[in-house]
Amino acid sequence: MSVVVQNKQGSVVDARSLIDQGYSRCIRLRDSKHVRCCFRRQCFQVLNSHYSVSSSAAVEAGNKDVLQKTDKPPKKRKRKHSELNQGEVDSQAFHEKIRSVVLEGTKSLVDSARSLGYLNGVTDTEKEPLPSQECSLAALCEMAKELPLVDDEEQEECVQPLVAEDGCTSHVDLFSRVTETRAASVVTLMGEEYVIPPHTAFLLSDFTRIQPLVRYGRRFELIVMDPPWENKSVKRSRRYSSLPSSQLKQLQIPLLASPNCLVVTWVTNRPSHLRFVRDELYPHWGVEVMAEWFWVKVTTSGQFVFPLDSHHKKPYEVLVLGRYRSSADNATSSPERSEVRVEDQRLIVSVPSALHSQKPSLSEVLKPYIGAEAECLELFARSLQPGWTSWGNEVLKFQHTSYFTVTPTDDGADVPKGEAADDCSDEPTVTESSPPRHCPTTVD
């Protein structure tokens with residue numbers, strides 16, 4: 001199982017196992033062979049909590065090598081308290097407010113995980129280089145702006161199957177139509193091979209070409225978004241284009257959300273971004289703030305990836321959870337539908353990916369808060385999830401085959417439902433409680 005521990009403090013999740021769900025038996029279209037696809041294990045071999053200056057730079061530059069232990073912690077530039085700007089003062093105040101929650105909750109969760117044989121430091125220590133694939137999807141989206149948009153009266157043409165009846169993918173329009181898949185497959189798109197999960201839908205486009213998703217006509221019970229927040233690090237590295245906070249208000253969440261939809265936003269540790277989401281963005285959409293959760297990043301031995309009190313980087317990130325409220329929708333919604341209360345200040349503890357901007361899937365930890373057959377949507381996605389709809393200008397980035405090991409499997413072997421994640425797992429993953437309700441992840 002991908003959820004290792006679940007208790008009142010939160011959850012410990014095996015992020016790599018979450019990715020592997022649904023890929024146990026894929027069909028590779030170019031030769032019609034069955035293969036098993038597993039996300040590369042070295043991406044989650046974060047072994048030590050202290051990074052050298054060079055290793056830290058490697059993280060920012062794309063992580064070309066597996067992070068190795070260093071005896072010399074990075075040098076800190078000493079500054080007087082009076083030299084801190086207002087943003088830094090606010091950050092420190094926020095940190096002091098939630099420090100004990102993160103420290104005590106993480107210790108409890110890690111101790112429970114270790115008692116079950118997880119986060120004990122046992123890992124594949126071979127020095128394998130991290131996969132490196134030059135992602136040109138955002139540039140392709142920019143070029144696709146020259147293509148005509150589908151008119152409102154042609155709404156039925158906003159959807160297309162990934163694989164045509166003749167088994168061909170060469171005529172798929174990824175930029176102006178939502179693409180739907182049925183079976184897990186390895187396909188060639190735009191001259192590159194990608195691993196596609198089962199029962200998913202996606203749209204590859206930038207912020208200005210999101211209309212096909214709105215015209216898709218689905219209303220979602222869960223919307224997760226990871227906006228490309230503006231910050232100095234992104235501007236210096238030019239890894240991806242950021243988006244001004246004010247433009248996020250243009251996202252048509254009321255047209256995508258069902259009544260009481262759970263809206264979850266990843267927020268950087270910059271207090272101004274957190275205030276913007278809580279005080280401006282959510283109220284603008286009609287979303288009521290319910291809770292703040294924290295993703296805590298630990299090594300394979302359960303240590304914080306960065307010192308908890310580091311002034312440079314914190315070992316946690318914030319998620320803001322809210323419920324979409326619409327008086328019109330609530331007036332027509334089913335009265336028997338009960339809403340599950342969202343607890344505040346829960347932790348999600350996991351070993352992070354060494355690949356830049358790859359967040360762990362929230363599908364498992366959010367199961368108790370959405371309906372049994374919930375429609376789930378990820379905005380600004382860089383990967384796909386079984387049973388989800390995803391949108392972003394790099395929506396296929398981490399689906400590239402360079403991030404997976406692809407091995408042949410027995411064509412005649414039937415893979416029981418629910419075992420997809422276990423086939424690729426390197427470490428034991430067990431849970432203290434029965435799995436709650438979930439988004440559909442049926443594998444053909």
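Me: What makes the 3.4 Å approach of the Gln385 backbone oxygen to the side chain of Thr200 a polar contact?

Reply: The cut-off decides. A polar contact is a pair of N or O atoms within 3.5 Å; within protein, one must be able to donate a hydrogen and the other to accept it, and residues adjacent in sequence count only if both atoms are side-chain atoms. The backbone oxygen of Gln385 lies 3.4 Å from a polar atom of the Thr200 side chain, so the distance falls within the limit. The backbone oxygen of Trp388 is also listed, at 2.9 Å from a polar atom of that side chain. This is a predicted model, in which local features need pLDDT of at least 70, side-chain atom pairs count only at pLDDT 80 or more, and totals for chains, interfaces and linings use all residues. Residues are numbered from 1 along each chain as its sequence is written, and side-chain values use heavy atoms, with hydrogens and water left out.

Me: Where is Thr200 found, and what does it touch?

Reply: Thr200 sits in the loop between strand E8 (192-196) and strand E9 (201-204). Strands (at least two residues) and helices (H or I, at least four) are DSSP runs, numbered from the N terminus. Contact means heavy atoms within 4.5 Å. Beyond four places in sequence, Thr200 touches Thr179, Glu180, Thr181, Leu384, Gln385, Gly387 and Trp388.

Me: What makes Glu394 buried?

Reply: Its relative accessible area is 8%. That is below the limit for buried, so Glu394 takes that label. Glu394 lies in the loop between strand E16 (388-392) and E17. Leaving out residues up to four places away in sequence, Glu394 touches Cys135, Leu137, Ala138, Leu204, Ala381 and Arg382.

Me: How do you know that the buried residues of helix H4 lie on the same side?

Reply: In H4 (residues 137-144), Leu137, Cys141 and Ala144 are buried. They cover an arc of only 60° around the axis, so they share one side of H4. The arc is that of the directions from the helix axis to the C-beta atoms. These buried residues pack against E8 and E9.

Me: What makes E10 and E15 a pair?

Reply: Two strands pair if DSSP finds at least two bridges between them. E10 (residues 220-225) and E15 have four, in the parallel sense, so they qualify. Leu222 stands opposite Cys376 in E15. Four bridges also join E15 to E16, again parallel. There, Leu379 has Trp391 in E16 as its bridge partner.

Me: Which way do the residues of strand E15 point?

Reply: Cys376 and Glu378 point one way from E15 (residues 376-379), Leu377 and Leu379 the other way. All are buried. In a regular strand, side chains alternate between the two faces of the sheet.

Me: Why are E8 and E17 called edge strands?

Reply: Five strands form an open sheet in the order E8-E7-E3-E4-E17, with mixed pairing. E8 and strand E17 (404-408) each pair on one side only. Inside the order, two bridges join E3 (residues 26-28) to E7 (residues 185-189), which run parallel. Ile27 has Ser185 as its bridge partner in E7.

Me: What is the order of the 12 strands in the other open sheet?

Reply: The order is E1-E2-E14-E12-E13-E11-E10-E15-E16-E9-E6-E5, and the pairing is mixed. Its edge strands are E1 (3-7) and E5 (159-161). Neighbouring strands here are turned by 20° against each other on average, direction ignored. Four bridges join E1 to E2 (residues 10-13), and the two run antiparallel. Asn7 stands opposite Gly10 in E2. Helix H8 (residues 271-285) packs on this sheet, touching E10, strand E11 (257-267), E12 and E13. The direction of H8 makes about 15° with that of E13. Axes are lines fitted to C-alpha atoms, for helices over the stretch in contact, and angles run from 0 to 180 degrees between N-to-C directions.

Me: What makes a set of residues a nonpolar core, and which members of the largest touch the most others?

Reply: A nonpolar core is a set of buried Ala, Val, Leu, Ile, Met, Phe, Trp, Tyr and Cys residues joined through side-chain atoms within 4.5 Å. The largest has 58 residues. Val12, Leu213, Ile223, Met225, Leu251, Leu379 and Phe380 touch the most other members. Apart from that core lies another, of 23 residues, among them Leu222, Val264, Val365 and Cys376.

Methods:
Buried means under 20% relative accessible area, exposed over 50%, partly exposed in between (1.4 Å probe, protein chains only).
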